[in-house]
Amino acid sequence: MNLVIVESPAKAKTIKKFLGQGFEVESSYGHITDLAKKDMGINMKNLDPIYEISPDKKEVVKKLKILASKADTVWLASDEDREGEAIAWHLYNQLKLKPDNTKRIVFHEITKNAIQNAIKNPRNIDINLVNAQQARRVLDRLVGFEMSPILWSKIKTGLSAGRVQSVAVRLICEREKEIENFVPVSVYKIEANFLNKTKQILKAKLDTDFEQYSQSLDFIKKSNGKDFSVSDIDVKPGKRTPSAPFTTSTLQQEASRLGFSVSRTMRLAQSLYESGHITYMRTDSVNLSQEAINAAKTVITENFGAKYSHSRQYTTKSKSAQEAHEAIRPTNLAVQAAGADEAEKKLYHLIWRKTLASQMSDAQLERTAVEISASGIKEKFIAKGEVIIFDGFLKLYQTQNDTDNSEDEDDGLLPKVQVGEILQLEKMSGMEKFSRPAPRYNEAALVRKLEELGIGRPSTYAPTISTIQKRDYVEIRDLEPKHRKIKIIELQNHEVKESTQTENYGGDRRKMIPTDIGLVVNEFLTKHFPNILNYGFTAKVEEDFDEIADGKEDWKSVLTDFYSDFHSNIEKTKETAERATGERLLGKDPESAKNVYARIGRFGPMVQIGEANDEEKPKFASLQTGQSINSISLEEALKLFELPRNLGEYEDKKVEVNVGRFGPYVKHDNKFVSLKPKEGDDVATLTLNRAIELIEAKREADRNKFIKSFETENSVIEILNGRWGAYIKQGKENYKIPKGAEAEKLTLEEVKKIIAEAGTKTSKTSKTSKTTKKTAASAKKTTKKTTKTASKTAKTKKS
């Protein structure tokens, strides 16, 4: 028997179809081992990783061991990247496989030909790829496990730091500060509509902008009554060339136009790959196989004609790209639609169009510029137009740049005019335009920036973006537009009119914005760990991993060189860094004359009246959704101390609204109901009627939750429906109902037995918590040992 092991059950299912009798295909369900939790999972004497089988994979490993022992040959068929190589290596070690009957196979697409070719051409496990993955894993564990506790002690518990995630947060924070500090500058742009001799409109823009309102007004007045004519016509051929087929990052960027987040794009692409529809989706190569190029030529010629076909091979600019890999493309270009659901079908069609477009002819254009002038006026009006002579690849695929209308973009076809032709001025207008800051990042733009800086690799973009949101360092939200007045001058029928209009600006959708905690953490890390947060340093570490993968660098040397300096920085920061709160003095409280501060507290952003060392304890209030310690005003802060607000009475009991640790809520009859900010609820404006609506809605939900109850001498025991199914509630304690038991049919005796058994488990858990405390103490000892090891390493380097 042949045993083929892959990392995904969906992949196993697809491969099974292509292999004949005698092949068993099983899944490892991803990595079967991970770094041990105890002592950081690293031997600090030599930085060797300490691996253990993940608890949820013990049964998987047990099953695979049995199957492997019966197999004549074991084929390790995990993905062809570094993570896949590491999975194969851990399987080899944990299953205690033998070199004489173990083969490593790789393929970048799950098709019959690719699988059969891989079986014919097995190879050994590439230890260089494994070491590159180990180096990344160990280095990231060192950074996370040593930097995060500093954040707990210096800012707030529960925070984390990471080599790539912290740099990504820095990018977002710096962009936010850039926008906050941006001072818009206004200029006045002049546009005009002219009529040719056949009364067709020719739109043109002045080649000069004016800095002053008076200058633009003078120009328009001077133009009144002038004779304008065509002084020059310039016609030039042009072309647009298709871009390369998708890499991971360009797919993530383009898929954002479909409304897909980076993580969703990767889930859909993974599913398409495992179903055999597309090639491997984690790649930084734009290379296409000759087979794919030939297939594209056939499909293009059959569907659009020979003149639309133009075979070409692209080369990757990135130094780290592996040209042996391929770009993301359909496995069968003759198939236009594929995927299990609508989202997969949309993504597949995008990949299909992009791949074919990369092998199509250039679009041929004709660009025209018409210069319009008048005697006595030195400035010129320019009308630009662009005509597509041959659409080429645009027939199938248009990029964002092809479809967006920017201010500088050429218009379409211009009306026919001749040099010397007199034009009639129909209308001229001058409008105030303000300069804009660089836009905030969305997910796609952040991926593009990370790739541009050489930070991270195809496999890390999606988890990085996901992590910084889970850690509450960054939030994705819509921005409401602001309003400002702009000045306008219009000339029509020889009459000049001046007016003002209101302009909306600054509004945007789904942008990445740093939270207060994200800003404070970023400021702390950039101050105390400038190397780790340095873009160039982070990119250099990625290059080191690439060198390890190519066998050009020793992974232990890379780790040792990094850790000796890094750990000394950790120890210095522990001793010398002050607590960071992002504290900001807002002013004084009119009633008490005490200072009012906005800062990060134990439970997040808050405002405070008074000092910590005052005789009278300071007052605290949590910030509401949408408020920030960097922008909240004194007036807004003082309003938070007006809480709780008494809304009136309902059922002869007081109704209050307040903000707690978990957000805004209504309190009635000692019961709490959360407000719904997304539905417009606000603690400052909530009415009694709306509070009653929320109270009744909660009661209805609780009624649907109730199954049955039992009264005992000491308490009431309830059986309730919860988010994860039925459970037992006694006092403040909840108990899980065992599988197979029907909640509705449980008797009081059975319920008491479940509670008693759960109590036995709890006592065991308390023992475990004691063990955990011992582990924490040993971790402190490990840190001390680590300090000694680091100092010895430093001395060794000096000698």
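In strand 30, what is the bridge partner of Q730? The partner is E733, in a predicted model where local features need pLDDT of at least 70 and side-chain atom pairs count only at pLDDT 80 or more, while totals for chains, interfaces and linings use all residues. Residues are numbered from 1 along each chain as its sequence is written, and side-chain values use heavy atoms, leaving out hydrogens and water.

**The sheet**

- Strands (DSSP runs of E, at least two residues, numbered from the N terminus, as are helices, runs of H or I of at least four) pair if DSSP finds at least two bridges between them.
- An open sheet of 4 strands has the order 27-28-29-30 with antiparallel pairing, and its edge strands, strand 27 (706-711) and strand 30 (733-736), each pair on one side only.
- Strand 29 (residues 725-730) is joined to strand 30 by 4 bridges.

**Salt bridges**

- With a salt bridge defined as a side-chain nitrogen of Lys or Arg within 4 Å of a carboxyl oxygen of Asp or Glu, the count comes to 41.
- E85 forms one with R123, the closest N and O atoms being 2.8 Å apart, and this pair links helix 3 (residues 82-94) to the loop between helix 4 (112-120) and helix 5 (127-154), 38 residues apart.
- E85 is buried at a relative accessible area of 0%, whereas R123 is partly exposed at 29% (buried means under 20%, exposed over 50%, partly exposed in between, with a 1.4 Å probe and protein chains only).
- E326 and R329 meet in a salt bridge of 2.7 Å, N to O; E326 counts as buried at 5% relative accessibility, and R329 likewise counts as buried at 5%.
- A network of salt bridges links E7, K11, D79, D81 and R282.
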